[in-house]
Amino acid sequence: MADATVADASPAPAPSPPAAPPRTSLRETAALLAVLALAGALHLLRPNREAHLHAAPLAGPVAYAFNADSAPYARLVVTFPRGFDDCEQGRSRRMRPLYPAAGWILYQALRPAAGLIPDRWAAQAAAPAAGANPPEIWRGIDGRDLVRAWAALVLLNVLMAGAALLLLHRAFLALVDRPFALALAALPALHFDVVDFLLVPSTEPLNLLLPAIAVHAMAVTWARGRAGLAGAAALGLGQLGKGLAYPAASWAYEWLRGRGAASPPLRPRAALAALA
């Protein structure tokens, strides 16, 4: 009887921690990158002149379309941070400095490639830019610098879109089987907004990245009953690139956790349904 009493008084075993969320494999990563490459090809094969003011013909029907904001963004990268205060174009973007600042980092990383830019490309980059805006703000800016800044911003777009697809894939893995999760994650890459702006200096890729961070936080982090401080911080930083409403739910969730409020794990499907 004593032995039974001791056994009954023993503490209950601690619940096992939730299993780690599945990760994206190298093959799935390659598939998502291939879909992004397809989006870039569609931009060149079917340039959308309704979304872009300019188009540079390349070969036959292939053309590179870009809008009026592309050159000013490249100029902001070249003149960062002075460009935010030396003209009205720059001052209008001071409240959203993240995109040019991140582009400037990549611009510096591409400095060794400046000598590889052909003279013809440099001349083509400088002429339209100077003619499209007040010429005085373009003085002293070399065409090679503009090409390098342009390439840095396009690379930034690809990195943001790629990160968004990987985050979405991880979130969908918490809901459905791998083949279906891959299809769902790849689908946004073929949206017209991605096709039109993936290869163009523009803040439009943030329209994909910020929702992807929010979806990942809700479907993966919150669904396991964990704090999502990294996601909340990323969403807050993203507001310096584009003002969207996605951080509101994340900040509210973390604020409640910080005050000790009960926050049971969310069901992943319910989390995504609430976001939708």
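User: Where does Lys242 lie in this model?

Analyst: The model is predicted. Lys242 sits in the loop that links helix H11 (229-238) and helix H12 (247-258).

User: Why is Lys242 called buried?

Analyst: Buried means under 20% relative accessible area. Lys242 has 18% relative accessibility, so Lys242 counts as buried.

User: What makes the pairing of the side chains of Lys242 and Glu204 a polar contact?

Analyst: The cut-off is 3.5 Å between N or O atoms, one able to donate a hydrogen and the other to accept it. The side chains of Lys242 and Glu204 are joined at 3.1 Å. The side chain of Thr203 also makes a polar contact with that of Lys242, at 3.4 Å.

User: Which residues is Lys242 in contact with, leaving aside neighbours within four places in sequence?

Analyst: They are Arg96, Thr203, Glu204, Leu206, Asn207 and Leu210. Contact here requires heavy atoms within 4.5 Å.

User: How do you know that strands E1 and E2 pair?

Analyst: Pairing takes at least two bridges. Five bridges join E1 (residues 54-59) to E2, and the strands run antiparallel. His54 stands opposite Phe66 in E2. Two residues separate the strands in this hairpin, where Gly60 has a positive phi near 60°.

User: What makes strand E2 mostly covered?

Analyst: Four of the five residues in E2 (residues 62-66) are buried. Each of those falls under the 20% cut-off.

User: What share of the protein's residues is buried?

Analyst: Buried residues make up 41% of the 276 residues. The protein contains 13 helices and two strands.

Methods:
Residues numbered from 1 in each chain as written. Predicted model: local features only at pLDDT ≥ 70, side-chain atom pairs only at ≥ 80, totals over all residues. Heavy atoms only, no water. Buried < 20%, exposed > 50% of the residue type's maximum accessible area, 1.4 Å probe, protein only.
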